[in-house]
Amino acid sequence: MCGRYAASRDPDDLVEEFEVELVPGQLPPPSWNVAPTDEVSAVLVRRPRDGGGPAQRLLRPVRWGLVPSWARDAKGGARLINARAETVAQKPAFRAAFAARRCLLPADGYFEWYATETGGRQPYYISRPDGAPLAMAGLYELWRDPAGGPEAPLVWSATVITTTATDELGHIHDRSPVLLERADWARWLDPGAGADPGLTGLLVPPGPGVLRAWPVDAAVGNVRNNRPELVEPLVHDAATLF
DNA sequence: CCAGACGTTGTT
DNA sequence: GTCTGG
DNA sequence: CCAGACGTTGTT
DNA sequence: GTCTGG
């Protein structure tokens, strides 16, 4: 689950909503069809590069698809777009990031493809009825191309943590992203919380009523399509609306 | 010891 | 069928 | 996640 | 980097 999402909010709105500072440089442009390997905005907490000073909550671009620090090249990361909540603390590809580099990935909503009885696939858009952005639980990693030498630039990348889907969403798909409520953000993002055994307790399915879903134009399947209409309801038959 | 993997998803 | 690119 | 490619040779 | 398989 969660192989495509929408993230169209202005950086200014995200700064306010997530109480972050912007890192210098460009954030990705608004997108209604974020695909693996795209640059996305991430919320994370870092200490300033040169020692002293308090940790800061930042908004910065990362590549979607986590590249482990030991990877020989960045290509394999294209498939590490999700990490299972059930095993994320143990898996070699994720556990270092889970212990020390947790983040939030802001989204307007995300897409799921529902497997129909006739073998077709109908995309659904899933978002909050209250209009608030989703704060998807994620991990980030820093990678330097070993072929580029010690001066090669760092590549920042991230993955979305998934869990089981419940209730109405389970009809569409059996996995969903882990969403964190505002009250849990600071605890999740605190780099020093890595040893907190209660952290995994945050990785639970969205509660009933938190999300709603509706069918959308199949055009979202092609990553070259990108427009606000991709998230709008496709209402040919109200009975197909979950 | 070295070599090689290290992940998720959906579908059967 | 399976891998790569987006 | 889906869409689209999936190959070699020789020549410019 | 670290674990597993041989």
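Biologist: Which elements each supply at least two residues of the lining of the second largest pocket, and which of them gives the most?

Modeller: In this predicted model, helix 1 (11-18), strand 3 (31-34), strand 4 and strand 7 (102-107) each supply at least two residues of that lining. With three residues, the element that gives the most to the lining of the second largest pocket is strand 4.

Biologist: What is the volume of the second largest pocket, and which residues are closest to its centre?

Modeller: The second largest pocket has a volume of about 280 Å³. It is lined by 20 residues, and those closest to its centre are Ala7, Pro28, Pro29, Pro30 and Ser41.

Biologist: How do the residues lining the second largest pocket divide by class?

Modeller: Charged residues number five in the lining of the second largest pocket, and polar residues three. The nonpolar residues of this lining number twelve.

Biologist: Which elements give two or more residues to the lining of the largest pocket, and what space lies in that pocket?

Modeller: About 340 Å³ of space lies in the largest pocket. Of its 16 lining residues, Arg46, Arg47, Arg49, Leu142 and Trp156 are the closest to the centre. By class, the lining has ten nonpolar, one polar and five charged residues. The elements that give two or more residues to this lining are strand 4 (39-46), strand 5 (56-64), strand 10 (134-144) and strand 11 (154-164).

Biologist: Arg102 is buried; which side chain of opposite charge is nearest to it?

Modeller: Arg102 has its place in strand 7. A salt bridge requires a nitrogen-to-oxygen distance within 4 Å. Arg102 has no salt bridge, and the nearest side chain of opposite charge, 5.8 Å away, is that of Asp190.

Biologist: Which backbone oxygens does the side chain of Arg102 reach?

Modeller: One lies 2.6 Å from a polar atom of the Arg102 side chain and belongs to Phe98. The other is reached at 2.7 Å and belongs to Trp188.

Biologist: Asp108 forms a salt bridge with Arg9; how many residues apart are they?

Modeller: The closest N and O atoms of Asp108 and Arg9 are 3.5 Å apart. Asp108 is in the loop between strand 7 and strand 8 (109-115), and Arg9 is in the loop between strand 1 (5-7) and helix 1. The pair therefore links distant parts of the chain, with a separation of 99 residues.

Biologist: Why does Asp108 count as buried and Arg9 as partly exposed?

Modeller: The limit for a buried residue is under 20% relative accessible area. Asp108 counts as buried because its relative accessibility is 13%. Arg9 counts as partly exposed because its relative accessibility is 30%.

Biologist: Which residue forms a salt bridge with Arg84?

Modeller: Arg84 counts as partly exposed, at 44% relative accessibility. The closest N and O atoms of the pair are 3.6 Å apart, and the partner of Arg84 is Glu86.

Biologist: How many salt bridges does a search of the whole structure find?

Modeller: Salt bridges also link Glu17, Glu19 and Arg182 in a network. For the whole structure, the number of salt bridges found is nine.

Conventions: Residues numbered from 1 in each chain as written. Chains lettered and ligands numbered in written order. Predicted model: local features only at pLDDT ≥ 70, side-chain atom pairs only at ≥ 80, totals over all residues. Heavy atoms only, no water. 1 Å grid on protein atoms, 1.4 Å probe; cavity = no way out; pocket = protein on both sides within 12 Å on 5 of 7 lines; lining within 4 Å. Points joined across faces, edges and corners; volume = space filled by probe spheres on them. Helix = DSSP H or I, 4+ residues; strand = E, 2+ residues; numbered from the N terminus. Nonpolar A, V, L, I, M, F, W, Y, C, P; charged D, E, K, R; others polar. Buried < 20%, exposed > 50% of the residue type's maximum accessible area, 1.4 Å probe, protein only. Lys, Arg positive; Asp, Glu negative; His and termini not counted. Polar contact = N/O pair within 3.5 Å; in protein donor to acceptor, adjacent residues only side chain to side chain.
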